[in-house]
Amino acid sequence: MAEPGLIADPACAAQTPADAAAQAEAEADAGFMAQALALAQEAALLGEVPVGALVVGADGAVLGRGFNRTIIDHDPTAHAEVVALRAAAAQLRNYRLPGLTLYVTLEPCVMCIGAMLHARLARIVYGAHDPKTGACGSVLDVGAVAQLNHHTSITGGVLAEPCGELLRDFFRQRRQKVSRESRA
Ligand code: ZN
């Protein structure tokens, strides 16, 4: 039998509706980020830097998918986010994507955050922070500039560890390959 004193303790009170909503959103974010991570793995298999992205509607439908394909497409703009945005915009036949969320495994760069603000997404959710080119707080914080961003909220660090580990593995293997080739 539970102790009455514990039940009465406010610290043990049931979750508030706001807590429950936040927890449900965090669980949904992790699920979509896992899908973006699977797309990033496809990029790695093609020798591309492994970053994956997903555009999701308010009802949870996936409307666009992308992974980094700059090398195979000979396209400096073919980052995962841009590929996924183009797919979603084509599907909806609309250059604006209000109400939609983009998930990406790595903190967006300046180009991608610019494209995503133009799209007027509701949310951007990213995985690992990028201390080299991240434009959501690591190097620059473009989304925080009120004159530029009227529409989009940004959440970082979702599944940051596996998203970052995939990138670290990729670059580790690439360095080993280069050093093997230079010895051969
Ligand atoms: Zn980018």
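In the predicted model, strands β3 (residues 101-106) and β4 (residues 123-128) run parallel to each other and are paired through five bridges. Within this pair, Tyr103 lies opposite Val125 of β4. Helix α6 (residues 160-183) packs on the sheet and touches both β3 and β4, its direction making about 60 degrees with that of β4.

The β3-β4 pair belongs to an open sheet of five strands, in which the order is β2-β1-β3-β4-β5 and the pairing is mixed. The edge positions are taken by β2 (62-67) and β5 (153-155); each has a single partner strand, so one side of each is left without a neighbour in the sheet. From one strand to the next, the twist averages 15 degrees. Strands of a sheet pair through backbone hydrogen bonds, either parallel or antiparallel. The antiparallel sense is found between β1 and β2, which are joined by five bridges. Here Gly52 has Phe67 of β2 as its bridge partner. The two strands β1 and β2 form a hairpin with five residues between them, and Gly60 in the turn adopts a positive phi of about 90 degrees.

With regard to overall architecture, the protein comprises six helices and five strands, arranged along the sequence in the pattern α-α-β-β-α-α-β-α-β-β-α. The C-alpha trace spans about 75 × 45 × 30 Å along its principal axes. Of the 184 residues, 34% are buried. Among contacts between residues at least 6 apart in sequence, 56% join residues at least 24 apart.

The largest nonpolar core contains 44 residues, of which Ala36, Ala53, Val55, Leu102 and Tyr103 touch the most other members. Two or more residues are given to this core by each of α2 (17-45), β1, β2, α4, β3, α5, β4 and α6. The most is given by α2, with seven residues. In soluble globular proteins, nonpolar side chains tend to be buried together. Apart from residues up to four places away in sequence, Tyr103 touches Phe32, Met33, Ala36, Ala53, Leu54, Val56 and Val125.

Two packed helices are described by the angle between their axes and the distance between the axes. The axes of α2 and α6 come within 11 Å and cross at roughly 5 degrees. Because angles under 35 degrees count as roughly parallel, α2 and α6 are therefore roughly parallel to each other. At this contact, Leu37, Ala40, Gln41 and Ala44 of α2 meet Pro162, Cys163, Leu166 and Phe170 of α6. Helix α6 accordingly takes part in two of the arrangements described: packing on the sheet, where β3 and β4 are touched, and the contact with α2.

Methods: Residues are numbered from 1 along each chain as its sequence is written. This is a predicted model: local features need pLDDT of at least 70, side-chain atom pairs count only at pLDDT 80 or more; totals for chains, interfaces and linings use all residues. Two strands pair if DSSP finds at least two bridges between them. Helices (H or I, at least four residues) and strands (E, at least two) are DSSP runs, numbered from the N terminus. Axes are lines fitted to C-alpha atoms, for helices over the stretch in contact, and angles run from 0 to 180 degrees between N-to-C directions. Two residues are in contact if their C-beta atoms, placed from the backbone, lie within 7 Å. A residue is buried if 20 or more other C-beta atoms lie within 10 Å of its own, exposed if 12 or fewer, and partly exposed in between; C-beta atoms are placed from the backbone. A nonpolar core is a set of buried Ala, Val, Leu, Ile, Met, Phe, Trp, Tyr and Cys residues joined through C-beta atoms within 7 Å. Angles under 35 degrees count as roughly parallel, over 145 as roughly antiparallel, 65 to 115 as roughly perpendicular and the rest as oblique.
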